[in-house]
Amino acid sequence: MIDTEDFDDVDINNISHTHRSHSSKGPYGAKVVRPGTASLDTINRSSTSLLHTTRDKNITTSPVHHKMSASTPDHSPQKQQKSPQKPLPARPSYSPSKKLKLLRERKEPLDFSQLDNSDDELDESTIIYDVPLSQSLVQLAQNQKLVTPKLMSIASDSTRHSSLMSYDHSTNDANSDYELDILHDEALKLTCEFAQSKAVLASQQSAMRRHILSQLEKPQGIDQEDISQSGLKQKYVTNTRPTHLPPKDRTESLRHSREVEQMKERAIKEEIKQEKLRLKEIERREQIKLADLHTWEHVIIPDFNEQIKMSTTRELWWRGVPTKLREYIWTELLKQKSIKPGLLQSLRSRSRSLIRDNSSTVQKIKKDIKNVFPDLSSFQEGDALHNDLVFLLTMFAQHNKYDPALAPLAAVLLFNIHSVDDSFRCLCGLLNRPLMKMLYADSMEKFNKESQSFLRTFHKRNARLAAHFDHVGIEPETYLVPLLKPLFANLLSMENASSILDVYIFEGDAFLWRCVLGLFEKIGYKLYGNEDEIMDVIGWNASMKLNGGKVGTWWKYLDVGDDIEFLDTIRLSLKKAPVAY
């Protein structure tokens with residue numbers, strides 16, 4: 001017990017901080033709540049399963065408490081005056097794994113009537129697990145993609161909870177794999193659906209911003225551990241004054257506290273307003289997509305060759321070709337009709353033989369596709385399209401020279417066209433275009449001559465970055481080839497890479513130069529380093545550099561916004577005022 005007369009000698013802040021532990025948040029808001037933690041559950045509460053244990057009933061009862069409750073209390077005034085005040089029994093503190101073990105040993109059913117579904121902070125005795133994960137604010141802001149796992153193969157029931165409770169929270173990072181290992185299939189499916197919904201991601205991002213704003217109450221300044229125990233009195237420390245400065249007088253402190261609360265309220269209201277606007281914009285885009293799909297199906301496709309010449313159709317493809325129609329439209333505009341069925345049959349036969357023998361070419365192809373769009377879980381070994389992609393690239397290696405840049409490009413075609421034969425025809429047609437033919441034939445002299453027009457435009461539109469490249473001495477082909485050869489598919493998400501192909505098949509090679517200008521407008525701030533630092537962002541190995549050299553739970557691409565936003569940037573790259581030097 002703390003004697004009230006000695007209260008002023010106790011450091012109130014140190015008491016509260018001593019009994020405060022940390023919570024680990026999975027990247028989708030799934031919280032592993034350790035004992036003593038209070039954390040906000042505002043994002044996925046509708047799909048959350050809670051095991052709520054009260055301090056005395058649901059975990060255990062202290063032996064001291066048994067002894068006290070067994071004796072009959074005596075209400076005699078005299079005895080009450082004479083009996084000394086007994087200390088309160090200490091509440092037992094268990095590790096999360098111990099709590100889970102005790103929960104499993106319980107025979108009586110859990111009382112779910114005590115569940116609190118409000119948005120208040122959770123009680124310190126509450127454990128949450130098997131909750132759909134939500135991304136962290138950093139992951140949402142950077143448009144990181146969830147590496148979609150295979151359902152029913154993540155972990156066995158005997159290992160799910162143990163992996164949750166034994167995880168070392170101090171090592172949590174954006175690429176850690178533990179989060180998905182602890183989920184059952186229903187929560188896992190919801191997690192994957194959340195990751196694919198722009199509306200859900202926008203709401204989660206807004207909710208996290210509001211949560212951060214609501215928590216801006218802790219004193220900022222120097223670390224509290226460095227302050228002597230008598231230096232932090234609760235009545236002096238406020239959230240409007242750094243802890244290393246003299247305290248304010250009471251009137252000023254109260255006034256400033258009110259002003260801070262008003263600022264927070266205004267910021268939260270503004271965030272709610274912006275969230276509504278973002279969701280309204282997402283809904284507007286979805287309505288436009290539905291209208292565009294109807295136009296493509298009922299107006300463009302029936303008279304395809306004539307309609308694609310119309311200016312109104314140009315507006316449609318700049319908004320992106322509908323996903324379900326890409327197979328037809330891409331095949332119509334890309335496939336090389338000179339490839340006869342007999343040639344395809346011969347290539348297929350030879351490719352099967354090479355794959356069966358696991359030739360050196362096949363081994364190289366498998367190595368190159370190892371990290372191709374890992375967030376889709378479509379092209380890695382054991383995935384649905386892995387064998388088809390290997391077969392497609394092996395066929396091309398027999399028909400022409402194989403190049404590692406083909407791996408992500410062929411993956412984009414196969415993902416949208418589905419058929420190996422049609423994807424092969426489209427790949428051949430794509431590489432038969434003038435600029436692509438130069439790149440894959442290694443005709444650097446012709447390429448450098450072709451790039452002169454781009455360089456002049458680059459110096460006009462983004463003079464500062466172009467001057468920096470000149471100062472560094474980086475050659476144009478050094479940074480242009482890794483971007484153009486795979487059509488940006490080695491650096492961008494499938495969504496963005498597909499939208500680039502949507503426009504390229506109609507607009508031609510000039511569009512690719514505009515893509516480079518748009519990309520530099522989006523990520524130019526990352527390119528003010530030496531040559532090695534520049535190539536770490538846009539070079540051949542930039543994707544692995546960005547992800548720390550491994551495939552984790554989340555996969556980062558260059559953050560250029562979503563497909564519509566990036567296409568708008570590309571389209572306006574020659575219309576906006578030049579970036580001042």
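At roughly what angle do the axes of helix H21 and helix H25 cross? Before I answer, please note that this is a predicted model, in which local features need pLDDT of at least 70 and side-chain atom pairs count only at pLDDT 80 or more, while totals for chains, interfaces and linings use all residues. Residues are numbered from 1 along each chain as its sequence is written, and side-chain values use heavy atoms, without hydrogens and water.

The axes of H21 (residues 452-461) and H25 (residues 509-523) cross at roughly 30° and come within 10 Å. Helices here are DSSP runs of H or I with at least four residues, numbered from the N terminus. Axes are lines fitted to C-alpha atoms over the stretch in contact, with angles from 0 to 180 degrees between N-to-C directions. The two helices are therefore roughly parallel to each other, a term for angles under 35 degrees.

Which residues make the contact? H21 contributes Phe454, Thr457 and Phe458, and H25 contributes Trp513, Val516, Leu517 and Phe520; contact means heavy atoms within 4.5 Å.

Phe511 is in contact with Trp318, Ile500, Val503, Tyr504, Leu567 and Ile570, leaving aside its neighbours within four places in sequence.

Finally, I turn to Gln307, which is found in helix H11 (residues 304-307). Gln307 is buried, with a relative accessible area of 19%; buried means under 20% relative accessible area, with a 1.4 Å probe and protein chains only. Not counting residues up to four places away in sequence, Gln307 touches Val299, Ile300 and Thr313.

Note on methods: Parallel < 35°, antiparallel > 145°, perpendicular 65-115°, else oblique. Buried < 20%, exposed > 50% of the residue type's maximum accessible area, 1.4 Å probe, protein only.
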